[in-house]
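Colleague: I want to learn how to read local backbone and packing features. Can you take me through some cases?

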Amino acid sequence: MRQFILTGIHRSITVAVSTICIFLAMMPNAVAEEQPIAFSHEIHATQDQIPCQYCHIYARRSFSSGVPPVGICIGCHGTKEAPLIKLPESNEVDKIWDYWAKKEPIPWVKIHDIPDYVRFPHAKHINADAERFNAGAEDNCDEATDPRSLACKVKLFKQGGDTRCVACHGDIKTMLIVKVVDADFAQMGWCLKCHLQVKGVAERKTALNTLGGWFNAKEQEEKRAAMIDLKNSKGYHNPVLTDCFTCHY
Amino acid sequence: MKKGLSRRNLFKYMGVGSATVIAAGCEQKPEKLIPLLVPPDEFSYMPHTSYHYMTTCQECAAGCGMMVTAREGRAQKAEGNPNHPLNQGTLCARGQASLQSLYNPSRLPFPQQSGKQLSWADAETEFTNQVKAANGQIAYLGKPETGSAKPFIEEWLKAAGGGNHVQFEVITQANQREANEIAFGRSDSALYAFDKAKYLLNFSTDFMETWGSVIENTRKFTEMHVFQDGTKNKFVHVGPHISLTGAKADEWVMVKPGNEGLMALSLAYEVRKNKGTHAFLAAYLAPYAPEKVAGQIGTSVEKIKKVAEEFGNSNPSLAVGGGNMIATAHGTETLVAINILNAVAGNLGKTLEFSSESSSAAHSHEDLMNLIQDLNDGKIKVLIVDNVNPVYALPKAAGFAEAMKKAFVVSLSSVQDETTHFANLVLPTLTPYESWGDASPRAGIRSICQPVMAPVNAFNAKAKEDILLGVNTQLNTGQFAGIVTYQDYLKKAWTEIQKGTGNSDPFDSFWINTLTEGGLFTNPARSPVSLRTDVVQTKIQISELEGKGLALLPSPSIMMGDGSGAKNPWLQEIPDPMTQIVWDSWMEINPETAKQSGIKDRDVVTVKTAQGSVNLTAYFHFGIHRDAIAIPLGQGHTRSGMAADNYGVNVLDLLPAKLDSKSGNFVWVSTKAEILPTSQKSFTVNVDGNARQIGRGIAAAATIESLKHSEHHEGHKRPVEFYPDRKETAGYYEPYRWGMTIDLDRCNGCSACVAACYAENNLSVVGKERTGLGREMSWIRLDRYIEGYGDDFEVRFSPITCQQCSNAGCETVCPVYATYHNSEGLNVQAYNRCVGTRYCSNNCAYKVRRFNWFNYEFPEPLNQQLNSTIGTRSVGVMEKCTFCVQRIKQSQTDARALGRDVQDGEVITACQQTCPTQAITFGNLMDDQSEVSKKAKRSEKEVEHRDRQYEILPGLNYKPAITYLKKVNLREVKSLGHSESSHG
């Protein structure tokens, strides 16, 4: 008995600690840290109208979104020896030049962090077929009152291009300092909300390998098979979007 | 009425209280995003993307081609180069584990002199000064070089004022080359066409472990020995010891140690008598009539006659000899006898061939003994040791460690070992993964070695050739004009090679093509040979062994090789296929002999020879002669880093330093050893549990006869079930149900699949103690079962991995739904959902689930090898085989980009990819035309026509996705326990 209690206490401590750790990890910017360079997306993307993927070159190409290489900064700003673009009132460009001169990469602080046990294919999302959303998924979008509602995100996602970036990351273009906009960013519910808006995904979720399904299994399964969007017009079977192995492996 | 806290509340408060305290401790530092400065030309680099580079494996002398997968600029997985004629895309366990030679924590971090750190400039100056002072009295001791490195080293020595280039490898073929010279007048290694033989007679050779080009041998042997068209060719093993190679034999002829030559001549006598050819041999062979020598060999006249008849009547047949077990003081003569046997059976030019381009590699252990003599005589002032470890790999009796003290020793080595410890100047070199080179293991094969990544940043190392070039520059010799790095030298050498091939492309495009292909491969014509008539001057002698007791057979280890594998944790952790022992040495002894001397299985015994004594655990093995014991090579390191040191014993400590007088080959079988019992307790860890199947039918076998007449087939009757089949659930198995077949007739137990799995799936190494507690983490294991008893026993290998059951036992018991069957037929394990009840593992009939009892470490820089396409698991989580889900996903992504589903053969699992025998087939079971469906015969229609197919433990109705194909035996072996056809 004594042993049992000890184990019990141990367990509850472990559970409680991990719950709180998970909770802390989920809070956006649990510990804020300053970026090495005060880079402003607002200046670059809104004032100067540079498209997102001019710098974020790996976003649509790779499983991992990657970070823009320092060379891209230098392409516009030049080097200390051969300066190109630099506002006289700012010292931030000097910092890039220093890093470049030292041949050191810039240690940016990660803001949009997904847990290591999630395999998130960035390129697949940028190239995903937005036509697979259920009809009317974006209908209730009210941009004025709740721009981060599910319907609005679906709407943004469906527009494609750089607008699709906004669907998940928020309107970074207008940010002086990048922040996570959704409180539940990178939680499983946050991901699944969108995945469940895709045709056939919700129907696929309930398997009928149960006693209830056994009696009229054939009939029910035929009905369900029609609802599940198995194969698409492009000639291949659609990926399953709610399987654990979709993201966790 | 309770007072104070109730139990439930206590937990509540405890939980909250401690959580508040610890909450501060789990504060997360934000992760850093480190960009590239400039991506290497445009988009040739992409994060999280695989890039493949061709290079050459240099773990042993075979020179197999390797295709290395690099991601984020780090080599993460080694596979065989599919273009390479030797290994054709497959790789052995040691090749897989070569990644750990690259990221080994025991690699040398910086140049040092007498233990003190030096800068490279100082180190090279010191080296130069020593070379200058030596005035030509230099010896360069390195591995046998087959490519451009050999002329390079010789040119360098010439520039440095002269010196010896001594080539050293532990397991050589010097006796083979000498025997071929005596018999055929060809001083190079023969090409054995195992695949063309109808009957294979193997004299003690471990050709599927360490002897020759192991992967090529294994592949060709499998082609010959596999069951096809209702029959299979016979493989007979002659010798005193059965290792992994002998375990595949259909018959074992046990001969006394060192009597293989006599056996070969006795067989030759019979074959010649029946055929009437080679008249000049009649008188020579007459004394070896079976009646005269059977007693000496230790077998019966009938057996010799039977084998001779079968061997002579199979056209062509093949007799193979070589390796440690045959290397007695008269090992060369034994091999000559085997050559004679092949000649009289008419195998020359059919299964025993010689290339038209001779590639003689003249080196033997004699060179090394001469070097030791020179060192002792003070004729050598500077000894350069290049990536070999003679202090460990030579018997103590040879006296190398003492002799090397007489010279200034410069060690060019990538890892620390027993030799670098005693060196005066230690210069860390790059591994083959990081450097340029080439190899030509035989005529027609020129394999390139290119850096697949920038040098591992934890070690301040340089390519050995570049160190030598640096010294040369300081010596100011005028040699190597215009050559700054070894790459320049190599390109120059390949310019000549290009001219030789008649290729008229610009060199740059030729070079790029070579690097893409992995080398230049041609198939030179074969040239005919015939038996020399003066071969009759070779006298077969029986070499008497020194000392008293049992003959000591130092057996080569498939994992450790010559001992260089011991530093790689995977090779230590993967059980030896035959004994299933990990991280240790052992002594194989016949149970009958042991009984007579009162030794029990797993007793610790002292093995004593005139040279020394060691203590180790006795392991009962039917496959060893009653007058012999076998101890594997490769363990017992003292200064080779944390994975190698203090595990097992070094059998070389027991051997005298004797050489074969004809070939200069080291005499492996030269002494007897006494076995003395001790009172120590054994801490030898083996993972097999029970070597017997006790009727469970896990690794099943059939005889050819039974396959002809069998009417009842397993899986014939499907049980009536209450629930509908998963196929009937909408969305399930559409379009994929991933499945696998494993052909036990092909599998030879080499464990390459296990090593590949460790590399691909980030499996942890847990060490000897925890393996002893049953906590090993291998997702695929190689079960080894023994059937039969005494001399007529059979070994069966069976790779077991998660069976991805349709009605899995693990799934129904998981309280948190962390494991379930997904729509593609995979048994999903969601690690982040798992709470670690371990109930699933208890309910798994196949024992394939592994639990993380700790957060296992990947010591720096071994962590750099981790596959970045999947995660690692942490403490408290169950893990298991996923059928390489990351590879399935990759193939699906690639196929979708082409607008189609995955086609057959596109998903190749890591174990399947590396299998030298092609025993594993993977694919979609829902596609009737897929390779795996054809082999598995699972559909309603085909299940009636099953012959070798079976699922393990069918009685449980778990419906596994893996179908096994029975091993096919030529003989019936009585199994202990219940009958074979038991349904579990």
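Modeller: We go through a helix face, a helix pair and some backbone angles. Keep in mind that this is a predicted model.

Colleague: Start with the helix face. Which residues of helix α5 of chain A are buried?

Modeller: The general idea comes first. An α-helix has 3.6 residues a turn, so residues three or four places apart point the same way. Now the case. Helix α5(A) spans residues 92-102, and its buried residues are Ile96(A), Tyr99(A) and Trp100(A). They lie on the same side of α5(A), because their arc around the axis is only 100 degrees.

Colleague: Which exposed residues sit on the face turned away from the buried side of α5(A)?

Modeller: Ala101(A) and Lys102(A). Just after α5(A) comes Lys103(A), with a positive phi of about 55 degrees.

Colleague: Now the helix pair. At what angle do the axes of α10 and α11 of chain B cross?

Modeller: Roughly 110 degrees, and the axes come within 8 Å. Angles of 65 to 115 degrees count as roughly perpendicular. So α10(B) and α11(B) are roughly perpendicular to each other. The crossing is right-handed.

Colleague: Which residues meet there?

Modeller: From α10(B), Pro290(B), Glu291(B) and Ala294(B). From α11(B), Val301(B), Ile304(B) and Lys305(B). The contact has 4 nonpolar residues, 2 charged and no polar.

Colleague: Which residues does a cis peptide bond join in chain B?

Modeller: One such bond joins Asn315(B) and Pro316(B), with omega about -5 degrees. Pro316(B) sits in the loop between α11 and β13 of chain B. Another joins Glu860(B) and Pro861(B), where omega is about -10 degrees. Pro861(B) is in the loop between β36 and β37 of chain B.

Colleague: What is phi for Arg602(B)?

Modeller: Near 70 degrees, again a positive value in a residue other than glycine. Arg602(B) lies in the loop between α21 and β25 of chain B. It has 15 other C-beta atoms within 10 Å, so it is partly exposed.

Key. Residues are numbered from 1 along each chain as its sequence is written. Chains are lettered from A and ligands numbered from 1 in the order in which they are written. This is a predicted model: local features need pLDDT of at least 70, side-chain atom pairs count only at pLDDT 80 or more; totals for chains, interfaces and linings use all residues. A residue is buried if 20 or more other C-beta atoms lie within 10 Å of its own, exposed if 12 or fewer, and partly exposed in between; C-beta atoms are placed from the backbone. Helices (H or I, at least four residues) and strands (E, at least two) are DSSP runs, numbered from the N terminus. The arc is that of the directions from the helix axis to the C-beta atoms. Axes are lines fitted to C-alpha atoms, for helices over the stretch in contact, and angles run from 0 to 180 degrees between N-to-C directions. Angles under 35 degrees count as roughly parallel, over 145 as roughly antiparallel, 65 to 115 as roughly perpendicular and the rest as oblique. A crossing is left-handed if the near helix is turned anticlockwise from the far one by less than a right angle, and right-handed if clockwise. Two residues are in contact if their C-beta atoms, placed from the backbone, lie within 7 Å. Ala, Val, Leu, Ile, Met, Phe, Trp, Tyr, Cys and Pro count as nonpolar, Asp, Glu, Lys and Arg as charged, and the others, Gly among them, as polar.
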